[in-house]
Amino acid sequence: MTQLLIIGGYLGLLLLLGIGASRLFRGTSQDYMLASHSIGPFLLLMSIFGTTMTAFALVGSTGESFKEGVGVYGMLASSSGIIHSLCFFLLGVKVWKLGKAHGYRTQVQFFRDRLESRRIGLVLFPVLVGLVIPYLLIGVMASGTVINKVTAGRIAEGKVVGGTFAEGTFPAFLEQGKNPKAPTDPPSFLYGSQGGVPKQLASLAICGIVLIYVFMGGMRGTAWANTFQTLVFMVLGVVTFVVIAWKLGGQDSFWASLQTASAAIPYEKLTRLHIPPEKFLTYMFVPLSVGMFPHLFQHWLTARSASSFKLPVVAHPLFIAIVWVPCVLIGAWATSDLITIPPPVAANPNAVLPFLVQKLAGPVLGGFLTAGILAAIMSSLDSQFLCLGTMFTEDVVQPLRGSRRLSDQHELLVARGFIIAIVALTYGLSLLEPRRVFTLGVWCFSGFSSLFPLILAALYWPRLTKAGAYACVLAAAGSWLWLFSASDFAGNPNFTVNIPVPTAIDADGAWQLMPVAAMIAASTAAIVIVSLLTKPPGQQTIKRFFPSRAD
Amino acid sequence: MKPAHVVWALVALLIVAHQDIWFWDDARLIFGFLPITLAYHAGISLAAAGTWYLATLFCWPVDDAAPSPMTEDRS
């Protein structure tokens, strides 16, 4: 119950913050979608960092380290520190300048003008929305699972012991579940909520809270909430690290406990012998996805000035280190003989951090850490919901109305209405519990990465043509679909593209590359070849987007 | 060499240094608790922050003066 009270208190605070931000709302669609370009360096840093870090930053990093060892920091975190800031620097600042000058609110609006194509949105909008939806599902499903797990009891002798709620508190369809190993058996409490808040109710509560503060506060509320939530999950991550290190090491001083805990890490978890170097290298392409995230594009446009980007560009790699280094160490410690991880927890690495907290830190820190995990999840969900509302209004409704544009008030109404619809759709899809949604996450990121050449060329290559852009999107989508089906539709989580090489070069006789490398190669080749073969853009477009290159 | 070129050379160096095959099978602990591969890549994160700081000083892509607001605003 302690954990539930702490989580409830945290969600209440978040609501108050959203309501507070709504009091500053200026009543225009410009303010609702872009906070009237008023976000300064600190809020921009926190909101961008909170948006790019999902639940994966806390529980996923610990889980991956438990599974693969400390090498995951280099594969997933330090590469992001380089590539994310590169994207903010190369793309974000230019996008902000063009967006402010020409009044862009979405990626599609920018690409329509840059490519002299009113129909690019017909291709790009469904691709972008299709890639965001599974990303949203991950957050909604993860939040329900986390709240359920930390409030549930444990199983002892075939019974649930110590749960927050007794059996029968909720209707049977919410608290009973099927045994995955015997699906024909009748559903039972043992395989359902196990005395915790039912997942469906927990996800509904999270969707409701995010909906309320996005609905009321718009982008300003989202930026404030993201800042608060980012501070929460960063501070709680460090506190959790100190408590777990001390308890696990079991020495008088913190330093000695750290050394004892690390000395017990098995050799294979300290090295990367099981990670092929070429897979490590090509994983660097995955963080390029931030260049094409539509919700991040919208955050870039909220900046007050170009200078506002300087702090995010510099501090982002440091923030990644602050969150990831402690979590990766905790995951490696969990593989040592200092603690026994039960087989059901070991089978689901994302459960390792909650298990350690519950076992070593007690219910109060457990409650706060859960609040931190929810903070990381919600700080991504809010931006994505707001972004989809903006895209629907600006890229679908307004173009359909042609010269009869919606008034500002109606535009606000449509955006808010679509946000409610998309929250309801996402929640409904989450109830179907698509099993492969977490593996789908990496595929979504890879899809966004494969479109990176499009935004890079649009900003830096005057020779990019409309046909080249269409070819890029089609090549990205086509290669994505082909490789996705080859991976048994995400059924094979370790799927790689294998390039045969002589055994003198690689003893395995093949280079194992991440699929994203092949997708980027295909989309880059398509955009370059087709652009060079087709008619260059007109002088007016060149003058508008590349004033220094115009004749 | 212009400062901007030095900054871009440093970014390229970061990407190369990130592929640290020389530590692939090294299990040493720095200060008795930090695995060397983790310490090295935490160092890469710090170096990235430093490199991007230099980038903001020497090759910032846009001048600080705000563009004329909403010259072709869609709202």
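**Contacts between chains and domains**

In this predicted model, 39 residues of chain B and 45 residues of chain A make up the contact between the two chains; two residues are in contact if their C-beta atoms, placed from the backbone, lie within 7 Å. Because the model is predicted, local features need pLDDT of at least 70 and side-chain atom pairs count only at pLDDT 80 or more, while totals for chains, interfaces and linings use all residues. Residues are numbered from 1 along each chain as its sequence is written, and chains are lettered from A and ligands numbered from 1 in the order in which they are written.

On the side of chain B that touches chain A, α1 (3-18) and α2 (36-58) each supply at least two residues; helices here are DSSP runs of H or I with at least four residues, numbered from the N terminus. The most comes from α2(B), with 12 residues. By class, this side of chain B holds 23 nonpolar, 10 polar and 6 charged residues, where Ala, Val, Leu, Ile, Met, Phe, Trp, Tyr, Cys and Pro count as nonpolar, Asp, Glu, Lys and Arg as charged, and the others, Gly among them, as polar.

Within chain A, the assignment gives domain 1 (2-152 + 196-430) and domain 2 (437-551), with bounds taken from an automatic or database domain assignment. The centres of these two domains of chain A, taken over C-alpha atoms, are separated by 25 Å. Contact between them involves 29 residues of domain 1 of chain A and 32 residues of domain 2 of chain A. On the domain 1 side, α5 (72-102), α6 (107-114), α7 (120-151) and α12 (277-282) of chain A each supply at least two residues, and α7(A) has the largest share, 10 residues. That side of domain 1 of chain A divides into 20 nonpolar, 4 polar and 5 charged residues.

The largest nonpolar core has 189 residues, of which Val210(A), Val328(A) and Ala469(A) touch the most other members. Such a core is a set of buried Ala, Val, Leu, Ile, Met, Phe, Trp, Tyr and Cys residues joined through C-beta atoms within 7 Å; a residue is buried if 20 or more other C-beta atoms lie within 10 Å of its own. Helix α9 (residues 199-249) of chain A contributes the most to this core, 20 residues. Both domains of chain A give residues to this core, so it lies between them. Leaving aside neighbours within four places in sequence, Ala469(A) is in contact with residues including Phe111(A), Leu115(A) and Ile120(A).

Key: A residue is buried if 20 or more other C-beta atoms lie within 10 Å of its own, exposed if 12 or fewer, and partly exposed in between; C-beta atoms are placed from the backbone.
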